[in-house]
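Please look over the structure below.

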Amino acid sequence: MRALLRSSAAMGLVAVLALSGCGFSGEGESPQAADLDQRIVVDNFRAPVADWALESDAAYILSLSGCLETLTRYDEAAGKIVPSLATGWEQVSDLEWDFTLRDGVKFQDGTALTADTVVNSLRTVLEAEVPARAFNPTVVSGVEAIDERTVRITTPTESPLVPYRLASVNTGVLAPAAFEGETVDPFGHCTGPFTPVSEKPKQSLTLDRNEDYWGGQVQLAGAEVRFITDGATRATQVQTGEADVSLSIPVSSLSALEADENVKVLKADSPRTATLYMNNGKAPFDDVEFRQALRAALDLNTLAGSVYEGAALPASGPFAPSEPWAIEGAQTPQQDVEAARQLLAAAGYTAGRPLEIIAIVERAEFADVATVIQENLKAVDVPVKIRTAEYAAVEPDLLSGDYDMVLSQRNRLIDIADPIGFLTADYTCDGGYNLSHFCDEDYDKLIAQAARTADTQERYRLYAEAGKILQDQAVNIWLVNEQAIDAVRANLGSHVQDPLARYVLRAETTKSGS
Amino acid sequence: MMLFLARRTATLGVSVLLASFLVFLIPYVTPGDPARKIIRSRVSGEVVDEATVQALTLQLGIGDPLWTQYLRWLGRFGSGDMGLSYTSRTPVVEQVLPALWITLSMVVATLGAAALVSVLLGTAAALQEGRLADKAITTVTQAFIAIPEYWLAPVLVLIFALKLSVLPSAGWAGPASAVLPVTVLALRPISHFTSAVREGVLDALSAEHVVAARSRGLGRRKTVLKHVLPNGLLPLTTLAAVWFAGLLGGSVIVEVIFAIPGMGRLLYDAVLNSDIPLAQGGVVVVVGLAVVLTTAADLVHRLLNPRMRAHHA
Amino acid sequence: MRNLPAHVLVAASILALIVLAVALSPWITPHSPAAQDLGARLSPPGGDHWLGTDHLGRDTLSRLLEGGRFSLTIAALATVLTGVIGTAVGVASARRRGWLDEFLTRTNDVFLALPEMVLALFLVALLGSGYPSLLLALTVAGWTPFARLARALAYDVSARGFIEAARVLGCTPRFIVMRHILPHLAAPLLGQATLRFGQLLISVGALSYLGLGVQPPQSDWGSMLAAAQPFALRSPLAILAPGLAIFVVALCVTLIGQHLVRRSTTPLAPTSPALEVRNA
C-alpha cells in the first residue's frame, strides 16, 4: 500500500484533472424510471484538508457535491466559458471586467444572491492566508459591487483570462452566513442542487436535495460523498455497489472493472503527461543529441500497453493530441536502438557513472515506469539506477538543478483552462518551476507574445509553436498522456463525466431503483 | 506504593514532554521547506508562489528559533490550548478527539473480541491439556502472530467484500464495517491472550483450593466457573491494558487499508504534511494515554505479584 | 536434538530449507530476477515460470528467492542490533538503579507508545528511503522489549546471593556483569530474539510494503506484495507467494522461539507484561 504515502497533501499533487468531456446518459432508461427517493454514494479521492476554506482544494469537493457554484463554467464539450451564476460579462476597460448576475437565485438558507454577497465571498478567497492560484492578489487586484446585479473584477495587468478564472471552483459563491464563524461553514449556504447537511470529518459529507434549486427539479433525494484516498478501495467499492460513482480509478484496477457488467468505466484525456524530466543544465543532458538518443531508445508504445494497461496513450510531445493547442502532425517517437546508438556516438557519450532516475512515490506506477526505462536504456549501454523519493524531499534538488532525471507529471491546466501558466513556469528562462533548467530565447518570445494575445485561436497557435521547440530540442521525454478514469454503477442515469472532477452530482443525475 | 506513584507521576510528565519535543523536531530535520509542505497540503499543484511561502513562514512563526517556537507551544499547551492545525487552521483538539474516539472504539472492540475468543480457547485448551484439542488450539493461535496484517487485510477484503459481498470493504460506519478491521487487529492479541489464559487456568487448576473443591465433590463445570476462571483471567487484565496502549497509535496499516480516520492515520498524515501542531497534539495524547495505561497495568501487576515490589524498593 | 518436540523440528527444517534456498539464490534462480518480458505479463504458473510472472513479466519464483535475501538479512541485522542495544540499556538500568533506571524505563515507555510506523516514516523522511534508514527505523523502534526483559532478568539475578558474594570478594562491576549477569540472561534473551526476528520480518515487510525500503528493480517480500496487490484478482499467486513466504518464516521462528523461551524459563519474577506488545 504505497497509497499510504498519498496523504491528503500528496493527493493534491495527484489530483486528476482533465480536459475533454465524455459521458453517457442512461441509455434505455426513460425519464419516468427515475426514482425521486434514491440516494447515491460518490467515492472521491481526497478529503478536505483545510476545513471547508474555499481557497483550498476543499472547494473541489463542495463543487463536485453539487453544493458550490461559480459565476462562469468551462464547458468541456464546447471548449469555452459559459454562464452559470453570472449570465453575462464584458471587458469594460483594459483592467476591468463586469459580470452580470443571474436573477432569482437564492442560497439554500433563503438569502438572495446579490452583487454584495458575491463580493463578500470572493474577497474572502482573495484575502486568504494561502490564496488559490486561480484567484489571488497577483492576478486580481480588486472585487467590487457596481450595483445590485453587477460585480466588477479589476486586474493589475490586462488579461484576457478573467472569465476563465471565475470558472475555477475556488471562486465558488457562498452566502454571507457561511463566513460568520472562525471557519467557513458551507452547510445550507450554497446555491447548488444539493445542500450539505452533515459531515463525518475525514470520512464523508452527506447532502440532501435542494428543493428550491434555480436550475430546476433535482432528481436524487440526496447523496453521500466519501473521502477514500486509496484508489484500489474506490475501485472495490464501485464493484461491490457500496459506491455508485468512484472517481479516479487506478489503471491497475481497470481490467477488473471493465469485466464487471454492473459497472461502467468512463475515460477522458487528462491534461497530465507522465514525463521523464531531464536536467538540461547538467552533463550529459546538456547535449541535445544525448537527449534525443535517450528518446530514441525508449519504447513508449510498450510502456503504455504494459504499465499503463493501455489506459494511457503514448505521448507525441508536451501536449495531448486532443488539446486545441496540440502540435500539428506530431508523432509518437518510435523506438530505434540503432539511431539511439548513433546519436550517443555523435554526442561523444561513453558509459560512465550510472545516471539516476528519481521516481516520486506519490505515483505508485512510477517505480515500474522507471524499471522499464532502465531496461530500455540498458539496451543502448546507458547505465541507470533508480531512487524512489517523496516529492517534497527531492524538490530542493530539482529546483536547484542537482539531479539527472526525474519521473513526474504535472497538470497543464491547474489554475484555469489555459496552459499559459504551465508554459511560463516550466520552460521560460526565469520560470518558477523550470525543472529542466531549459532556456531558449525564441521560446520565451513566443510565450510573452501569447500572454498578450486576446484572440483565442491565435494564442493557441503560439502555444503549439512553442511546444514544437520543446519537442524538437527533446527538452524532456514526454512518455504517455494520462487519462481521467471514473467508474459508475450501470443503473446511474444522466451522468456526465467531468474529467476535472468538478461536477459530479447534478440536478439531472438519477438512479433507477434496484 | 505511594512513593512509586509519586515517582511515576513525575516521570510521566517528563516522558510526555520528551515525546512532544521529538515530534516537534520532525519538520525541521526532514528535507523540504515546512511552509511549502503546508501550502501543498492545502492547494494542489507543484508550483508554489514564493511570496506566499514567505508570508506563511512569517505568519506561522516557523522562521523563529526552534526553542522559541517550542516554548511558545509549551506555554499554550499548559493552558489547555493545543493550537491550530497548520493545514486546516482549525483547533487541533477538534481533530484529535474524533480520531481518538474512533480509535478507542476500535481498540475496545478488538480487545473485547480478543478476550472473549481467548477465554473460550484458552480454557478449552487448559481443560484438555496435552490432548489433541490443546495442541490444535495452541498451534493455531501461535500461528496468528506470524500473519502479516498487510497481507491478511487485502485478502479478507477480496473474499468478503468483493467475492461474497457480505461485508463493507472500507469505512467506519456501524458494526458491519468493523468486522474486518477488528478481525485483522485481534489476531495477535488473541495469540497472546490465549496462551496467558491457558497458563492461568492451568495454574488455578493445580491450586490447593481448587483441588480441595474438587475433592469435596464439586462438579467439574462448577469448579471451573467458580474457582478456576476468576484466577485464570487475572493475567488477562494487565495484558489487555498494555495491549490497549500499544494499539492506540499502532494500527496505522489497518486504518489505512480500511480507510478509518483514527489516531494512527491522523499522526501519519500530520507527519507527511509537516502539520506540527497536529502531530504534537496527537502524539502527546497517544503517548500520554499509553503511559498512563502502562503505569496502571504495572500497578495492578504489582498488586497481584508482590515479589515485583522488591525491584523498586 | 533428541528432546526437540516434533513441531519444532519440522519448523527448523523448513526454516533451514528456506534460508538455504534464499542464500543460494544467485546460483539457483531459474531466471534473472530483473529480466522483463512485457509481452508475458501476469502469466499463470507453467513450465518456464513455476510461479508465473509479475506485472512486468518478471519471474515470480526468482524474485521471491532474491527478495528473501533482503528481507531475511534486514530482519536478522535488526534483531542483532536491537538485542545488543536493548540488553545494554536493560542491564545498565538494573545495575545503576536510581534516576538512571527511572529515566531509561520511562524513555522505554515513550518509545513503546510511539507508533512504529510514524517513527519509521519520520526517519525515512529524514534519511531517504533505502536499507540503512529502514534498519535504523527498526532499531530505534524495536529496542524496547529487549531492554525490558534484560532489566527484569538482571534485577532478578542481582538479587541472588552469588552476585553479592562476588561484590564482597572485590570483583569489578564490569567483571560481575560479564561473568555473572550476562550468562544468566543469554538463554531467555535468545528465545526473545528468535521471537523478535519473526516480528521484525513482518515489520520489514510492512515498511517495504509502504515503499520505504527497497529501491527498484530490486525487491523484497513486502514490496512484491504491494506491487502485486492491484493485480490480486488476475494473478492471485503473485500476492499469495510473498505473503506466504513471510508467514511461513515468521511462523517457523515463532515456534522455535517459543520452545526456546519455555526451555529457558527459570523461576524468575514475572516481568512486566509490556514486553509482549511491541509490533501491535
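## Chain C: burial and fold

In this predicted model, 62% of the 280 residues of chain C count as buried. Chain C is built from 11 helices and has zero strands. Read from the N terminus, its elements run α-α-α-α-α-α-α-α-α-α-α.

Take the contacts in chain C between residues at least 6 apart in sequence: 73% of them join residues at least 24 apart.

## Where chain A meets chain C

Chain C also touches chain A. On the chain A side, 22 residues are in contact, and they meet 24 residues of chain C. The two chains bury about 2,000 Å² between them. Carbon and sulfur atoms account for 54% of that area.

How many salt bridges are counted between chain A and chain C? The count is one. The partners are A:Glu309 and C:Arg41, whose side chains meet at 3.1 Å, N to O. Polar contacts between chain A and chain C come to four residue pairs, with both residues at pLDDT 80 or more.

## The chain A side of the interface

Which elements of chain A each supply at least two residues to the side that touches chain C? They are the helices α6 (254–258), α8 (300–306) and α10 (366–378), together with the strand β16 (384–389). Of the elements on this side, α10(A) gives the most, with six residues.

## Aromatic pairs

Over all chains, a search of the whole structure finds 15 aromatic pairs. One of them joins A:Trp325 and A:Tyr460. This pair is edge-to-face, with 5.0 Å from centre to centre and 70 degrees between the planes. The edge-to-face label applies because the angle between planes is over 60 degrees.

What does the pair tie together? A:Trp325 lies in the loop between β14 (313–314) and α9 (337–346) of chain A, while A:Tyr460 lies in helix α14 (residues 456–472) of chain A. The pair therefore ties together parts that are 135 residues apart in sequence. Are its two residues buried or exposed? A:Trp325 is buried, and A:Tyr460 is buried too.

Chain A also has an aromatic cluster. Ring pairs link A:Phe422, A:Tyr427, A:Phe438, A:Tyr443 and A:Trp478 into it.

Key
Residues are numbered from 1 along each chain as its sequence is written. Chains are lettered from A and ligands numbered from 1 in the order in which they are written. Side-chain values use heavy atoms; hydrogens and water are left out. Contact means heavy atoms within 4.5 Å. Buried area is the accessible area (1.4 Å probe) that two parts lose on being put together, summed over both. A salt bridge is a side-chain nitrogen of Lys or Arg within 4 Å of a carboxyl oxygen of Asp or Glu. A polar contact is a pair of N or O atoms within 3.5 Å; within protein, one must be able to donate a hydrogen and the other to accept it, and residues adjacent in sequence count only if both atoms are side-chain atoms. Helices (H or I, at least four residues) and strands (E, at least two) are DSSP runs, numbered from the N terminus. Rings of Phe, Tyr and Trp (its six-membered ring) pair if their centres lie within 6.5 Å; planes under 30 degrees apart count as stacked, over 60 as edge-to-face and the rest as tilted. Buried means under 20% relative accessible area, exposed over 50%, partly exposed in between (1.4 Å probe, protein chains only).
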